[in-house]
Amino acid sequence: MLKLQEDTESGNRSFTIDYDNNQFLKDGQPFRYVSGSIHYFRVMAAYWPDRLKKLRMAGFNAVQTVVEWSTHEPEQGNYLFTENQDLENFILTAQEQDLYVILRVGPYICAERDMGGLPYWLLKLHPNIRLRTSDPAFLNHVDAWMGVLLPRIRPLLYENGGPVIMVQVENEYGSSGLFQCDYQYTSHLRQLFQHHLGSSLVLFTVDNPSGNNLRCGKIPEVYATVDFGLDKDPEQQFEQQRLFEPRGPLVNSEFYPGWIDHWGEPHHTTQPKALVKGLDNILALNASVNMYMFHGGTSFGLTSGSNVGSKFQSCPTSYDYDAPVSEAGDPTVKYPLLREVIGKYLPVPHGPLPPTSPKGNYGKVALNAVGSLKALASFLPSVTAFWPQTFEELGVNSGLVIYSTTVPMRMPDPARLALNDLHDRAYVLVNGKLVGTLAREGDMSELPISAPRHATLDLVVESQGRVSIGRHLNDFKGLTTNVTLNGHVLMHWQMTALPLTDTSNLHTVISHFPQDILHSLTGTPRGGLTMYSGMFNITDEDPHPLDTFLKLDGWGKGIAWVNDFCLGRYWPDVGPQVTLYVPGAVMHRGDNTLLLLELERAPCNHPDSCFVTLQNHHQINGPTPPEF
């Protein structure tokens, strides 16, 4: 663990708002920040010094990060603050790189994360919970969580010798799309933060300044800031801030160099010159600003969320965001341009600009079928119930659940299978044969099937990430209502969860699988619903494993692991993300394992075609279907 810097006695350190002169004061002197967002949980801890140094070398003087409740408390009472979850180490690493820190501790963060960063077990414990409100069922857990988190942050505050200058309360609460403005909730958070962090810390909120967002999001005694992108006039946006903060510094807490991506949509980009001009216009108003994101990183594992607008849309694994530093940590064309414009207003560090890092071109990795999901599931515990249960009722955070039942009576041929409110995607099998797919994306909830009496009906249901914003945060996964066949409600279900993020358990299952049938147990004729594994070697000639990118030509949709580390979801068929980022930090010299769960199809009709490729370039702007 790094230690706090002691160059200034903590008693002489202060960070405040000077309302008379519309500015921040640091140690009594005028100060403004130009910060960039880096989410520590989207970057391997081994790379934190590199990414933070690149932020400082670009001229930024602060880093902004969000604190994700579900990362640190994935199950109730199970707290994680080590390795990639070591928030304190990230903060101290930022201080070591001469950066101040702005924390956004939620409890809700959005950030295109599963359930906006809230832990799924809130829904398990309280199915009727009203999230982001003064509902005691929610506030009691918030109080307990903040009682663990905030005492860890207090020693890291600027006044105590640390780099943390500001802490955000909630996140875009006025822009949340909730049914009401619960001022009791937001005031409770203010009091909670002040109790744990003291009354002198600068607390702030952020909201999009359109409509009534600022009115709903404003909290007494908490400084209100705004967020906006390139398509807005800074002067007009700051006029809206002035309606709620007549005096004090102008602040844009989220200035966007790119935007959110969804599966099936083109990758969002912005023109470098337009970005630089937009930042220049903000800084010319003597405003402070945070660039969201400076380095987007990766939603490793199954942590990416989804959105519901006119339709359901899930987010890809990459969170590149067309940021100044790419997903793999390389400066883009935007980087030197931003350094130049920031240099007009703040001193920038001397020294050469950071170069791109070399990438590994490790070539083809041959894969073999391990077995079908249905066969693997036979080695795992199951739950039986009269009605189908949601992931949350089963205590399952993410991944897959196999729902199985039998057809109780003779049905017309075909019969209409209906999965209303399916969350999110289901592969339908009758007597082990894949007969179709239903999906929330296209509102495809019904399928004609041939299902004779006593036939086995299996529904392999995938969660594609809980909704991250708006009124649909209570996004239960799996079969959320009864299943009907020609209007007849199906009962007596067996449910088996696949431990997709618990690879040690998964490998235990695989190791006990009968070896003589490994190559014969594929889930569908096209090789879907099947696990595949392979090995690749990194020679001793390499000083250390290099970052690389997993290319999945011919594969359909699934999840990938390297050495038990879940890289995330892949879906090259719909794009825009074609390859998965593989950090060198998850590999080692010698033999490395690669595991795929392929849900739809595999290019394995011939052994020579059953492979993936580890290449030295990323593809996150691939083609997308015209209609998806």
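1. In strand E34, Gln615 is the bridge partner of Phe549, and this belongs to the antiparallel pairing of strand E29 (residues 548-551) with E34, which extends over 3 bridges. The model discussed here is a predicted one. E34, at residues 611-615, is also joined by 4 bridges to strand E14 (residues 363-366), again running antiparallel, and within that pairing Ala366 has Phe611 of E34 as its bridge partner.

2. A separate point concerns the open sheet of 5 strands, whose order is E15-E28-E33-E30-E31 and whose pairing is antiparallel. Strand E15 (368-372) and strand E31 (565-570) stand at its edges with a single partner strand each, so that one side of each has no neighbour in the sheet. On average, and with direction ignored, neighbouring strands of this sheet are turned by 25° against each other.

3. The record places "Beta-galactosidase galactose-binding" at residues 529-592, a stretch that is 0% helix and 48% strand in the model, with its end C-alpha atoms 23 Å apart. The record also gives "Beta-galactosidase 1-like first all-beta" for residues 388-498, where the chain is 0% helix and 44% strand and the end C-alpha atoms lie 16 Å apart.

4. Asn482 deserves a look of its own, in the loop between strand E24 (478-479) and strand E25 (484-485). With a relative accessible area of 34%, Asn482 is partly exposed, since that value falls between the 20% and 50% cut-offs. Not counting residues up to four places away in sequence, Asn482 touches Trp387, Pro388, Ala418 and Val489. Asn482 and Asp421 are 61 residues apart in sequence, while their C-alpha atoms are 9.2 Å apart in space.

5. For helix H9 (residues 272-283), the length can be checked against expectation: at 1.5 Å a residue its 12 residues should span 16 Å, and the end C-alpha atoms are 17 Å apart, which agrees. The buried residues of H9 are Pro272, Leu275, Val276, Gly278, Leu279, Asp280, Ile282 and Leu283. They pack against strand E4 (34-38), helix H8 (234-244), strand E10 (251-255), strand E11 (288-295) and helix H10 (334-342).

6. Leaving aside neighbours within four places in sequence, Asp280 is in contact with Val341, Lys344 and Tyr345, and a polar contact of 2.4 Å joins the side chains of Asp280 and Tyr345.

7. Helix H3 (residues 87-96) is mostly covered, with 8 of its 10 residues buried. Those buried in H3 are Leu87, Glu88, Phe90, Ile91, Leu92, Thr93, Ala94 and Gln95. After H3 comes Asp98, which has a positive phi, near 65°.

Technical notes: Residues numbered from 1 in each chain as written. Predicted model: local features only at pLDDT ≥ 70, side-chain atom pairs only at ≥ 80, totals over all residues. Heavy atoms only, no water. Helix = DSSP H or I, 4+ residues; strand = E, 2+ residues; numbered from the N terminus. Expected span 1.5 Å × (residues − 1). Buried < 20%, exposed > 50% of the residue type's maximum accessible area, 1.4 Å probe, protein only. Contact = heavy atoms within 4.5 Å. Polar contact = N/O pair within 3.5 Å; in protein donor to acceptor, adjacent residues only side chain to side chain. Pairing = 2+ DSSP bridges. Axes fitted to C-alpha atoms, helices over the stretch in contact; angles between N-to-C directions. UniProt positions renumbered as here; feature names shortened; annotations may be inferred.
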